[in-house]
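Reader: I am new to this structure. Please walk me through the labels and tell me what each one rests on.

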Amino acid sequence: MSLSEMMIEPLPGYKEVKPFVYAGFFPVSNEDYQNLKEAVEKLSLSDSALQFAPENSPVLGFGVRIGFLGLLHMDIIRERLEREYDLDLVVTNPSTDYHVSLMNGEELDIKSASDLPDASKIKEIAEPWIRGEIVVPSEYIGPVLQLIVSKRGVQKDISYVIANTSLVIASEAKQSSDINASGLPRRSAPRNDNGRAIISFEAPLANLLTDFYDQLKSITSGYGSFNYDLDDYRVEDLVRVDFYVAGEMVDALSIMAHRSESASLGREITEKLKSVIPRQNFEVALQAAIGGKFIARENLSAYRKDVTIGLYGGDVTRKKKVLAKQAKGKKRMKRFGKVDIPSEAFTVMLKRD
């Protein structure tokens, strides 16, 4: 019997590890693409959870889209690529995968918002949800619940763990009288009322990828801990939010968002892009859109040159004519100009707060 005819069964107790966080890795120079691909292939030999596929972006060029187990896993791989293989990388905003059902009955599994088909062909979109537990001191329960609700999460249960209960009982049993051996009044046994609470909840994974853990540590003064498992995929009202820089759509910045959060998220990201993208000699419009409808806009003001410095006295219309002439020139620059987008703009989701 040949090896091809033998039934190969996996060992019991093991299952295939499936990544659920994805990010695009692009070299700063297109000449390093082959080096990046070879480096990722070498890392995948010792990391079974690392899955990757080639990706092409009109703005960033050729790169690879890599799947991770979480944000920590992504940070480790990025550090290894930069340190061990001496690569300069541009990493896009992390996202998760989505199950898309089309009108013709076809099922798609997309890992990037730029891969989403036309909205008229989509029947429904399902996103992954998680079951999570947060262990936190009791006094922080209120802020933690508010944080969960702000991420579209649903709180399921709260249980309490009282610390040092056995210590208090043993102390009370040992000291049965109110007078100690020295004849002084016995001090009551210390009680620890600052117990801990375990908060169980469910939430969409996409809303926890960026700043949830940082916010949890902030509102709990560092005492909160978080653990989660992937639950299932649930159909939600999801839309693709695109971002335009100087009238051109940048597909690497596109994200998936719930319709109820899309407007506020668009305003938030355009404001952050305004602080990241450098000013140009012409005014640059930063816009967020869903389909053909713009939902947010920020204007990146142009550098201004004092062209009226040589005008002294005379009628004010002289200055207005010079300024109008300069404005016409800037409009022409805007029509033919090109905006260089720094690498920080593609990780704006991680730094939006």
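Reader: What stands opposite Ser 57 in β3?

Author: Gly 61 does. This is a predicted model, and the pair belongs to β2 (51–57) and β3 (61–68). A hairpin joins β2 to β3 through three residues.

Reader: How do you know that β2 and β3 pair?

Author: Two strands pair if at least two bridges are found between them. β2 and β3 have seven bridges, in the antiparallel sense. Therefore they count as paired.

Reader: What makes β1 and β3 a pair?

Author: The cut-off is at least two bridges. β1 and β3 have five, again antiparallel. So the pairing holds.

Reader: How many bridges join β1 to β4?

Author: Three bridges join them, and the two strands run antiparallel. At least two are needed, so β1 and β4 pair. Pro 27 has Leu 89 in β4 as its bridge partner.

Reader: In which order do the four strands form the open sheet?

Author: The order is β2-β3-β1-β4, with antiparallel pairing.

Reader: Why are β2 and β4 called edge strands?

Author: Because each of them pairs on one side only. On average, neighbouring strands of this sheet are turned by 30 degrees against each other, direction ignored.

Reader: What makes β3 mostly covered?

Author: Buried means under 20% relative accessible area. Seven of the eight residues of β3 are buried. So β3 is called mostly covered.

Reader: Which helices lie across these strands?

Author: α1 lies across β1, β2, β3 and β4, at about 15 degrees to β3. α2 lies across β1, β3 and β4, at about 20 degrees to β1.

Reader: How does the reach of α2 compare with the expected value?

Author: α2 covers residues 71–84, which makes 14 residues. From first C-alpha to last, α2 reaches 20 Å. The expected value at 1.5 Å a residue is 20 Å, and the reach is close to that.

Reader: Which residues of α2 are buried?

Author: His 73, Met 74, Ile 77 and Leu 81 are.

Reader: Why do the buried residues of α2 line one face?

Author: Down the axis of α2, they fall within an arc of 100 degrees, so they line one face of the helix. An α-helix has 3.6 residues a turn, so residues three or four places apart point the same way.

Reader: What covers the buried residues of α2?

Author: The cover includes β1 (21–27), α1 (33–45), β3 (61–68) and β4 (89–91).

Reader: What is exposed on the other side of α2?

Author: Leu 72 and Arg 83 are exposed there. Exposed means over 50% relative accessible area.

Reader: Why is Asp 115 called partly exposed?

Author: Its relative accessibility is 46%. Asp 115 sits in the loop between β6 (107–110) and β7 (122–137).

Reader: How far apart are Asp 115 and Asp 251?

Author: They are 136 residues apart in sequence. In space the distance is 9.4 Å, C-alpha to C-alpha.

Reader: How many helices and strands has the protein chain?

Author: The protein chain has seven helices and 15 strands. Of its 353 residues, 38% count as buried.

Key
Residues are numbered from 1 along each chain as its sequence is written. This is a predicted model: local features need pLDDT of at least 70, side-chain atom pairs count only at pLDDT 80 or more; totals for chains, interfaces and linings use all residues. Side-chain values use heavy atoms; hydrogens and water are left out. The expected span of a helix is 1.5 Å times one less than its number of residues. Buried means under 20% relative accessible area, exposed over 50%, partly exposed in between (1.4 Å probe, protein chains only). The arc is that of the directions from the helix axis to the C-beta atoms. Contact means heavy atoms within 4.5 Å. Axes are lines fitted to C-alpha atoms, for helices over the stretch in contact, and angles run from 0 to 180 degrees between N-to-C directions.
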